[in-house]
Amino acid sequence: MTEPVITPAARAPGAAAYGADAVIVCDNIVRIFQTGSIEVQALQGLDLVVQPGEMVAIVGASGSGKSTLLGILSGLDLPTAGRATVAGHDLLTLSARQRVHYRREVVGFIWQQTSKNLLPYLTAAENIGLALSFAGASRARRRERTAQVLDALGIAELAARRPHEMSGGQQQRVAIGVALANEPAVLLADEPTGELDSATSDDVFDALRTANRVLGTTVVIVTHDAAVSGRVQRTIAIRDGRTSTEVVRRTVVDDAGAETVHAEEFALLDRAGRMQVPAAYRERLGLRDRVRLELESDHVGVFADRAAEPVDTPETAADDPSLSPFRRPRRARTDSPDSTDSTDSTDSEETGR
């Protein structure tokens, strides 16, 4: 079997390339769908980096670009522009033969619909063995690997059952086994718990966690399920075709040995320096069209363009005492330590690093 061409990441002199050590790198990915004269930009310069061994969730509203991104990472689709690399494979330059190899052995994929994951006339063991046979594994290797996967996922008792003899949750756990058969570097799951109840969803998530922690597979889950997205190391939100925010969870152990998970949300700054300011912040502070930035020693101040608003005159203030002293454009800051501005506390949003 012809091995795929591995494209090394380009490196600037003396500096590592963007995502050089990552297993997944999306660099300014654009995907445009066109129907007749209508163009839809599903992805609009998306950046994403996932490190080996991570387990991350991708969330977002319908139409935000989640499924489009997953289709590109799985090799089912190609971006219109940008760079997408998974486990060293440049997805834009793979030949048809290399793409088949990539989808069989480099990534595993789990569909939301359980009927898409398994052949109905094969048992659980036969479904896993079939994936191995496509990769050219010997009969002995198929038996060995199938038993390993079933045991690791705790579903050895399902080996001889066909899909119609399993529950929905059991089918999804077997589907995870099929996706893991050829020891992929990355496991991609599209709403794997979308058709399951909460108890069954927990079983499926535990299987995904086993794939990550025990088998060392990098796992990327697209989900609307808050119970799933809240249990991974990182939750990445996509809005308007770009990554917008990220929740990072860290486990802290106190002096008594008790573990506490701390979650912190960050806005994402892309490689062009763009950041999406939450709508609630923009509305509260009147941020629109253009803003003024000020660099301080430990933060960046973001200020609305008050000069563009109508300025109240002394006459207007006299008519309405609530406007006295009347508003005025914010003065430029001087180097004098005595220089103050009474509007700083009301007209600014200061974002700490």
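A polar contact is a pair of N or O atoms within 3.5 Å; inside a protein, one atom must be able to donate a hydrogen and the other to accept it. The model discussed here is predicted.

Q: What makes the link between the side chains of Asn117 and Gln172 a polar contact?
A: The two side chains meet at 2.9 Å. The cut-off is 3.5 Å, so the pair qualifies.

Q: Which backbone atom does the side chain of Asn117 reach?
A: The side chain of Asn117 reaches the backbone nitrogen of Trp111, at 2.8 Å.

Q: Where is Asn117 found?
A: Asn117 sits in the loop between β6 (107-110) and α3 (124-134).

Q: Why does Asn117 count as buried?
A: Its relative accessibility is 13%. Buried means under 20%, so Asn117 falls in that class.

Q: Which residues is Asn117 in contact with, leaving aside its neighbours within four places in sequence?
A: They are Phe109, Ile110, Trp111, Gln172 and Ala175. Contact here means heavy atoms within 4.5 Å.

Q: How do you know that Lys116 lies over the face of Trp111?
A: Lys116 is 4.5 Å from the ring centre. The distance limit is 6 Å, and the charge must also be within 35 degrees of the ring normal.

Q: What is the distance of Arg31 from the ring centre of Phe33?
A: Arg31 lies over the face of Phe33 at 4.1 Å from the ring centre. That is within 6 Å, so the distance condition holds.

Q: What makes β9 and β10 a pair of strands?
A: Six bridges join β9 (residues 234-239) to β10 (residues 242-253), in the antiparallel sense. Pairing needs at least two bridges, so these strands pair. Thr235, for one, has Val247 in β10 as its bridge partner. Two residues separate the strands of this hairpin, and Asp240 in the turn has a positive phi of about 55°.

Q: How do you know that β10 and β11 pair?
A: They share nine bridges and run antiparallel. At least two are needed, so β10 and β11 pair. Arg250 has His262 in β11 as its bridge partner. Their hairpin has five residues between the strands, and Gly257 takes a positive phi near 90°.

Definitions and conventions
Residues are numbered from 1 along each chain as its sequence is written. This is a predicted model: local features need pLDDT of at least 70, side-chain atom pairs count only at pLDDT 80 or more; totals for chains, interfaces and linings use all residues. Side-chain values use heavy atoms; hydrogens and water are left out. Helices (H or I, at least four residues) and strands (E, at least two) are DSSP runs, numbered from the N terminus. Buried means under 20% relative accessible area, exposed over 50%, partly exposed in between (1.4 Å probe, protein chains only).
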